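Reader: I have a chain to go through before I set up any calculations. Please show it, and then I will ask about the fold and a few local details.

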Amino acid sequence: MKRRYQSDEHSIATQQNIRALMCHLSSSAKTAVDIGSQEGLLACALDNIGIEVRAYEANAEFSRYASEFIARNKQGGIQFFNEVIDIDKLASIADFDVALFLSVHHQVVQAKGLAYANSLLCEIYRKAEMQLFFQPALIYAKYGCRMPFIENDILGCLSYFSSVLEASGESAHAEVINITHNFMPPQEQYRPLFLFSKKKFSKGRRIPSIADFAAAQSTHDNHLVFVNVEEAVSVTTLQSFAPNHWHYMVAACHDIIAGKDEHDSILRKYYEKVQPRTMGDVFQMANQSTEIGPLKNYELQRTGIPFICLDSPWKGPGEVMPAEKYHCFGPQVDKEISFHVNLLRDLKDKIKRDGYSPELHIDGHIAGVVLKRGATCRFAVLSGQHRLAVLSSLGYTHFVAKLYPGFVQLLDYDKVETWPVVKSALYTRGEAQAVFDAIFDADGMWAAKLCCQ
């Protein structure tokens, strides 16, 4: 991929547009179309909150990246098409609640003229049952002709396009909901995001906390949750990312921040001292019950560990993991220790400089499942431990996480009989709850003590 628009050249503007979209999207919207979706980042953001999306992008290079991004991030609610949308094609598409038409209109003007581009805009708005999010260019050079508004006059531009929609017979409540930095070229310093609505809606799609998600799980379409770092626990290692608890990667990040040499890193000592062979060994070292069913004899370097949050029957031991993907326990050779120290250092520098922006990256979100016991919840981390370790060490208190596809998204301790692994008799009720308790109560202090011996 030689050029990325949303995730590289316009990454800040993309994040701003995603935030504006989340704050102004109708709370009752269920379907959307994204015309000119580029790399698909806004479409993925909509999918993450439960919106069914059809995304269209004519550029083959953007389309290849979008297809990879959607597949790797397991965005199951998106239909993606490498197609040009014109008025005839649009007529064949079923109506939708929300339309996104960002930074495309001026390209249509260049290709087919202003009258055609405006007709396409009106037709998109006519088919949208609720809202149109529209981002026009502000300078004539982008259109290849003079436009009926003053260059870089945001409100004048809004007034013009409002009149275009109203002249087509559509009522349009218009507002500016975002202004992003552009500078491509410097004459166009800003580009606005307009919202046209057919009536007033209850707006905003709030990402729930894990407690809110657990309380209303049956009514939530969200695939994202807000997590307090103190609630995040590591499934495999029985360690915690909380500042007052212990996790081997958080400890390694603190060493990096303190400027310690790689050879003095706690990571090296951890891999020397903590070398279980099976999950039974891990539970024993952590002073937890070893009556944990098939998990007890499971070899740690195999993929597909059959934890209680599986949403389908366990098919037996997976393949042996490549060395660079297995980092939870020792032994580790110097090359792999260096790899993880350098990865943590690079992530620390990037997040400290740019912040945490999971929506911009393939596999960007920390992912896991929600555990509930009584009135308390935990977030069991299944992927993204390096990123979360950096966030914890830098003092982040909360982060947005993704509910891991293919796993039970919520495990309620009091409803153990409904868990797939119990219903399938893979675990007994007591074995499943023993695994749950060990993960839920994990603080990692057992590993910290071993490293200090």
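Reader: What percentage of the 453 residues in the chain is buried?

Author: First, a caution: this is a predicted model. Buried means under 20% relative accessible area. By that cut-off, the buried share of the 453 residues is 54%.

Reader: What radius of gyration does the chain have, and what would a compact globule have?

Author: The C-alpha atoms fill a box of roughly 75 × 50 × 35 Å along the principal axes. For 453 residues, a compact globule would come out near 22 Å. The chain agrees with that, and its radius of gyration is 25 Å.

Reader: How many helices and strands does the chain have, and what percentage of its contacts join residues at least 24 apart?

Author: The secondary structure comprises 18 helices and 14 strands. For contacts, take the pairs at least 6 apart in sequence. Of these, the share joining residues at least 24 apart is 67%.

Reader: Are α12 and α18 roughly parallel or roughly perpendicular to each other?

Author: Helix α12 covers residues 266–273, and helix α18 covers residues 445–452. Their axes are 9 Å apart and meet at an angle of about 95°. Angles of 65 to 115 degrees count as roughly perpendicular. Therefore α12 and α18 are roughly perpendicular.

Reader: Which residues make the contact of α12 with α18, and how many of them are charged?

Author: From α12 come I266, K269, Y270 and K273. From α18 come A447, L450 and C451. The contact has 5 nonpolar residues and no polar ones, and its charged residues number 2.

Reader: Is S103 buried or exposed, and with which side chain does the side chain of S103 make a polar contact?

Author: S103 sits in the loop between β4 (96–102) and α6 (105–112). Its relative accessible area is 6%, so S103 is buried. Phi of S103 is near 55°, positive in a residue other than glycine. The polar contact, side chain to side chain at 3.0 Å, is with R191.

Reader: Where is L238, and what is its relative accessibility?

Author: L238 belongs to the loop between β9 (232–234) and β10 (239–240). L238 is not a glycine, yet it has a positive phi of about 55°. L238 counts as buried because its relative accessibility is 2%.

Reader: Why does N59 count as partly exposed?

Author: N59 lies in the loop between β2 (52–56) and α4 (60–72). Buried needs under 20% and exposed needs over 50%. N59 is partly exposed because its relative accessibility is 31%.

Conventions:
Residues numbered from 1 in each chain as written. Predicted model: local features only at pLDDT ≥ 70, side-chain atom pairs only at ≥ 80, totals over all residues. Heavy atoms only, no water. Helix = DSSP H or I, 4+ residues; strand = E, 2+ residues; numbered from the N terminus. Buried < 20%, exposed > 50% of the residue type's maximum accessible area, 1.4 Å probe, protein only. Polar contact = N/O pair within 3.5 Å; in protein donor to acceptor, adjacent residues only side chain to side chain. Axes fitted to C-alpha atoms, helices over the stretch in contact; angles between N-to-C directions. Parallel < 35°, antiparallel > 145°, perpendicular 65-115°, else oblique. Contact = heavy atoms within 4.5 Å. Nonpolar A, V, L, I, M, F, W, Y, C, P; charged D, E, K, R; others polar. Rg over C-alpha atoms; globule rule 2.2 N^0.38 Å.
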